[in-house]
Amino acid sequence: MVSIESAATPGTSSLPAARVRRIIKEDKDIFACGSDSLFLISRATEYFIDSLVRESYEFSRLDKRKTVQYKDMAKAVQSIEQYDFLTDIIPPTVSLKKNTN
């Protein structure tokens, strides 16, 4: 697996700066964002995504799979405290069962 450190050239980000800037501008409390801040936000986002995917991959490995599925991400969000803020966005999977009343 390629780590984020080896894939990125120093001083660059994998995320498109224009898209990150547009997302930042959606927050009405932020009036301006300098290029240094934009870069740091982009890199922090890359590290966050890397961390979430690595944790999710561990759950897929426990199920003896090489592909990360939604249920793996949901398990990571449910079991790791630092991802608690994502519980509404990535809820646990719920199986549909016939209701025999």
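**Figure 1. Lys64 in the loop between α3 and α4.** In this predicted model, Lys64 is exposed, with a relative accessible area of 77%. The residue lies in the loop between helices α3 and α4. Most residues other than glycine have a negative phi.

**Figure 2. Salt bridges around Asp63.** Side chains of opposite charge can pair when their charged atoms come close. Asp63 is partly exposed, at 36% relative accessibility. Its side chain meets that of Arg65 in a salt bridge, with 3.1 Å from N to O. Asp63 also forms a salt bridge with Lys75, and here the closest N and O atoms are 3.2 Å apart. Because Asp63 lies in the loop between α3 and α4 while Lys75 lies in helix α4, this pair ties together parts that are 12 residues apart in sequence. Lys75 is partly exposed, with a relative accessible area of 33%. Through salt bridges that share partners, Asp63, Arg65, Asp72 and Lys75 are joined into one network. Asp72 is also listed among the buried residues of helix α4.

Figure 3. Glu58 pairs with Arg61 in a salt bridge whose closest N and O atoms are 3.5 Å apart. The two residues are separated by about one helical turn, because they stand 3 residues apart in helix α3. Glu58 counts as partly exposed, at 35% relative accessibility. Arg61 is likewise partly exposed, at 47% relative accessibility. The count for the model comes to 6 salt bridges.

**Figure 4. The buried side of helix α4.** Helix α4 comprises residues 70-79, and its buried residues are Asp72, Ala74, Ala76 and Val77. These buried residues pack against α3, which spans residues 35-62. The surroundings of Ala76 can be listed in detail: leaving aside its neighbours within four places in sequence, Ala76 is in contact with Glu55, Ser56, Phe59 and Tyr83.

**Figure 5. The largest nonpolar core.** Which residues make up the largest nonpolar core? This core has 9 residues in all, namely Leu52, Phe59, Ala74, Ala76, Val77, Ile80, Tyr83, Leu86 and Ile90. Two or more residues are given to the core by each of the elements α3 and α4. Helix α4 supplies the largest share, 3 residues. Phe59 and Tyr83, both members of the core, are also among the contacts of Ala76.

**Figure 6. A nonpolar patch at the surface.** Phe48, Ile49, Val53 and Phe85 make a nonpolar surface patch of about 350 Å². Phe85 is found in the segment after α4. Is Phe85 buried or exposed? With a relative accessible area of 55%, Phe85 is exposed, because the cut-off for that class is over 50%.

**Figure 7. Ser42, a buried residue of helix α3.** Ser42 lies in helix α3. It counts as buried, at 3% relative accessibility, so this value falls under the 20% limit for that class. A polar atom of the Ser42 side chain lies 3.0 Å from the backbone oxygen of Leu38. When neighbours within four places in sequence are left aside, Ser42 is in contact with Ser13, Leu15 and Val20.

**Figure 8. The chain as the setting for the close-up views.** The secondary structure of the chain comes to 4 helices and 0 strands. From the N terminus on, the elements run α-α-α-α. The chain has 101 residues, of which buried residues make up 21%. Among contacts in the chain with a separation of 6 or more, 38% are accounted for by residues 24 or more positions apart. The chain exposes about 8,000 Å², and carbon and sulfur atoms supply 57% of this area.

Notes: Residues are numbered from 1 along each chain as its sequence is written. This is a predicted model: local features need pLDDT of at least 70, side-chain atom pairs count only at pLDDT 80 or more; totals for chains, interfaces and linings use all residues. Side-chain values use heavy atoms; hydrogens and water are left out. Buried means under 20% relative accessible area, exposed over 50%, partly exposed in between (1.4 Å probe, protein chains only). Contact means heavy atoms within 4.5 Å. A nonpolar core is a set of buried Ala, Val, Leu, Ile, Met, Phe, Trp, Tyr and Cys residues joined through side-chain atoms within 4.5 Å. Patches are made of residues with over 30% relative accessible area and no salt bridge: like charges are joined within 9 Å, nonpolar side chains (Val, Leu, Ile, Met, Phe, Trp, Tyr) within 5 Å. Accessible areas come from the Shrake-Rupley method with a 1.4 Å probe; for residues, only the protein chains shown count as cover. A salt bridge is a side-chain nitrogen of Lys or Arg within 4 Å of a carboxyl oxygen of Asp or Glu. A polar contact is a pair of N or O atoms within 3.5 Å; within protein, one must be able to donate a hydrogen and the other to accept it, and residues adjacent in sequence count only if both atoms are side-chain atoms.
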